[in-house]
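I opened the notebook to go through this structure entry by entry. Ligand shells come before the rest.

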Amino acid sequence: MSDAAFRVCIVHLDEGKGEIVSFGDKNLHIGGSGLAAALFEKYGLPNESWSHPDQPLIFAIGCLTGYFPLMSKVVAGFKSPYHDQYAESHAGGRLALAMRFAGYDAIVLRGRARLPVAVHVGARVIETKDANYLWGANVFTTGRVIRRAFPGASGHRSIMRIGPAGETLSAYGCINVDTFRHFGRLGSGSVMGVKNVKAIVVSGDSDLPLPGPDPKAYGKLFKKVYEDMTATEMMSKYHNLGTPGNVIPINELKSLPIRNLQQTTDPDAVGISGEKFAADLLIRNAACAGCPVGCIHVGMLREQFQDEHRFQIRQVSYDHELIFALGSMVGVMDASGALALMDEVEKQGLDAMSAGVALAWATEAYQKGLLTKEQVEYDLAFGNVDAYKEAIWCLGHGKNEFYRALAQGAMVAAKKFGGEDFACVLGQEMAGYATGETFFASQSLSFRHSHLDTGAYGYDQKEHDKNADKAVKYFVDDERERVILTSLVSCLFARGVYKKGLLAECLTSVGLPDLAANLDKAADEMQRLRWRMRLSTGYEPEKTSVPKRFLEVETWAGKMDPGYLDAVRAGYIKAIRELGAPRGES
Amino acid sequence: MKILRATRMDRCIGCHSCSLACARQVHKKVSWRTAGIRIKSSGGITTGFEANVCLGCEPAPCAAACPTGAYSQRKGGGVLVKMKLCIRCGQCAAACPVDAIYLDDTGVPYVCIHCGQCVPYCPHDCIEMREKPEHVCVGGTCDV
Ligand code: SF4
Ligand code: SF4
Ligand code: SF4
């Protein structure tokens, strides 16, 4: 057992027992993304289905979590119900610090509980409690009941939970973390669901000595990092309007996906702009534990439910991605309407982006007569908030054959009912940036099929030379840099401050000078390990595609160039094959 | 003498920067519990946050309860702490009317000593060092 090993808590759900193991090497696996992939390599069953009871559900933090500001995220690693391949999803909230203070670098759920349970993990507790009575409850009710069922440690614990979508095993059922954050993409919520786990409570109930050989120097460095974080432009960018500040500029660049990507710009987008949200609906901000930036924007949804001025109010967090998916993409150009849909999606425990994009496809398919009223049940039409609210319920509950198919992804439904050309799917339902060929190529192939895998959406805006080799090199290099941050696990908003030099200082101050000196090498290894896990679970990048609708998009930079798109994809596929080659062959 | 006041908790974003700073700088730990100030949500994050922190009583019930003089009255409110004298009996925590003293797993008490080191770490100015108003002689909550 080396000193640099990670401390991992494994919960065996079928026995209701825990196991503490020393695992891996901080100097090699770093944590987060790297650690999750390494744990999957050990405990995952690459050839078995995602729903096999023995597939692990992994949550991992990094070696700077709790020790520096904005090291505030957790990586979930799992075999995805979306594509049955190894996947990753990231979330913040209080979970990262709760895990650090519970004393675990990773928590792994294995097996399957006989009946629905809530799992509780802390420094001196590992238990599963009956939660059968909660099965079927929405995310809000579940949160309220779980807080009552696990009293104490308020403020110092994190609660993860799933809604109906995770129970009905939607391909994009999410895990809600502390009300406002999510492991959103690729269906981790359904992995909890298939394991019969309704909620996970992590109590951060111990404390740690100051790290490293020189606690004074550590304190000084913390202060410096903290000052940099709060002094930079980043603070204002994510703090002020937050990511919704992107809506107007992206609309102006003709890159905002609107009405199932039939348009990329519309003057009505001002109705769902960050400015509009801030002026009319924003009531407060919240932060992940350990982050002074506080980028979480919470809006107030005020709904009249009865005559004579009877209102209910709810707090709903919003972001650029949600505004695009449940606003512009479904033609809801009104901030309150979009917020109402976010609230419904939250209740059902669905990934907001996939749900919105899937409904946008369904709307167009219904308009075109590929779907009947009997199937969609409600009058799906762009902008029809009331119909979408009902449809979201149907989606979460898998109400009929159509909604069950749609809950497996827009492309799954399109394959069944027609309309593949206009299903806006790039590996999974698209992100809110229709910036051009490089982004489409990147999202269709990249590891998480996320706009955050690489900065391709920014690349489209900056580089216009259509040099495929250059773009591919950018993807690979940028991903490797991001693997450092997703392994440590920093919020990606902090990437402007956490440059490699500073990270090396931080790592040295917590007593990891070897990792500080070899960060690039470790990142390279973890990038390869992640791809290796992905390919070993059946990923065939050659089989991905970019549906026709994406080629019809016209941005400020002009029409799409299919030749360039294909060249970038071909180059990237080759690079992925190289990165993910079995050990010894790369 | 000034005391720490959590005067504007309505603005709190729950970042825990204050408690982490106190633990790190005053108590030499990495923790959000072993600190003079601790942030709680008052029933789910949507209901906002509360601070568990010493209100600076004068006379201080915790000091009166302490059998060894480890806790003694601080002029201007709150207590002075001499940990060398502490026998971990937990009497101070039991006596505190607002649950501001945290006992760790080994019974060591943690209380705010009103040093102000956490204040610059709050990004929303929720907490501040303030002179206690003259007319407050018993207790000390009236200025918040
Ligand atoms: S009794 Fe509690 S609030 Fe009052 S001085 Fe002592 S610790 Fe502070
Ligand atoms: S004033 Fe000092 S002792 Fe009190 S909470 Fe702040 S840092 Fe801790
Ligand atoms: S530092 Fe300020 S905003 Fe953050 S938890 Fe403490 S009081 Fe709240």
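**Ligand shells.** I looked up what surrounds ligand 1 and found B:Cys54, B:Leu55, B:Cys57, B:Ala60, B:Pro61, B:Cys62, B:Cys96, B:Pro97, B:Val98, B:Ile101 and B:Val111. I counted a residue as near a molecule if one of its heavy atoms lies within 4 Å of it. By class, this shell holds eleven nonpolar, no polar and no charged residues. I took Ala, Val, Leu, Ile, Met, Phe, Trp, Tyr, Cys and Pro as nonpolar, Asp, Glu, Lys and Arg as charged, and the others, Gly among them, as polar.

I note the ground rules here: the model is predicted, local features need pLDDT of at least 70, side-chain atom pairs count only at pLDDT 80 or more, and totals for chains, interfaces and linings use all residues. Residues are numbered from 1 along each chain as its sequence is written, chains are lettered from A and ligands numbered from 1 in the order in which they are written, and side-chain values use heavy atoms, with hydrogens and water left out.

I then listed the shell of ligand 2, which includes B:Cys22, B:Cys112, B:His114, B:Cys115, B:Gln117 and B:Cys118. This shell divides into eight nonpolar, four polar and no charged residues.

**Cis peptide bonds.** I found a cis bond between B:Glu58 and B:Pro59, with omega about 5 degrees. B:Pro59 lies in the loop between strand S4 (49-53) and helix H2 (61-65) of chain B. A:Val489 is in the loop between helix H20 (468-488) and helix H21 (500-509) of chain A.

**B:Ile13.** Is B:Ile13 buried or exposed? B:Ile13 is buried, at a relative accessible area of 3%. My cut-offs were under 20% for buried, over 50% for exposed and partly exposed in between (1.4 Å probe, protein chains only). I placed B:Ile13 in the loop between strand S1 (2-5) and helix H1 (17-25) of chain B. Leaving out residues up to four places away in sequence, B:Ile13 touches residues of both chains, among them A:Ala286, A:Cys291, A:Pro292, A:Val293, B:Phe49 and B:Pro123. Contact means heavy atoms within 4.5 Å.

**Positive phi.** A:Asp84 is not a glycine, yet has a positive phi of about 60 degrees. A:Asp84 sits between strand S4 (74-79) and strand S5 (86-91) of chain A, in a loop, and is partly exposed at 27% relative accessible area. For A:Asp178, phi is near 50 degrees. A:Asp178 is buried, with a relative accessible area of 6%.

**Cores.** I looked for nonpolar cores, meaning sets of buried Ala, Val, Leu, Ile, Met, Phe, Trp, Tyr and Cys residues joined through side-chain atoms within 4.5 Å. The largest has 245 residues, of which A:Phe68, A:Trp361, A:Leu406 and A:Tyr498 touch the most other members. Helix H13 (residues 352-367) of chain A gives the most to this core, with eleven residues. Another core, of ten residues, lies apart from it and includes A:Leu134 and A:Val201.

**Charges over rings.** I checked for NZ of Lys or CZ of Arg within 6 Å of a ring centre and within 35 degrees of the ring normal. The charged end of A:Lys198 sits over the ring of A:Trp135, 5.9 Å from its centre. The charged end of B:Arg24 sits over the ring of B:Tyr121, at 5.1 Å from its centre.

How values were computed
Helices (H or I, at least four residues) and strands (E, at least two) are DSSP runs, numbered from the N terminus.
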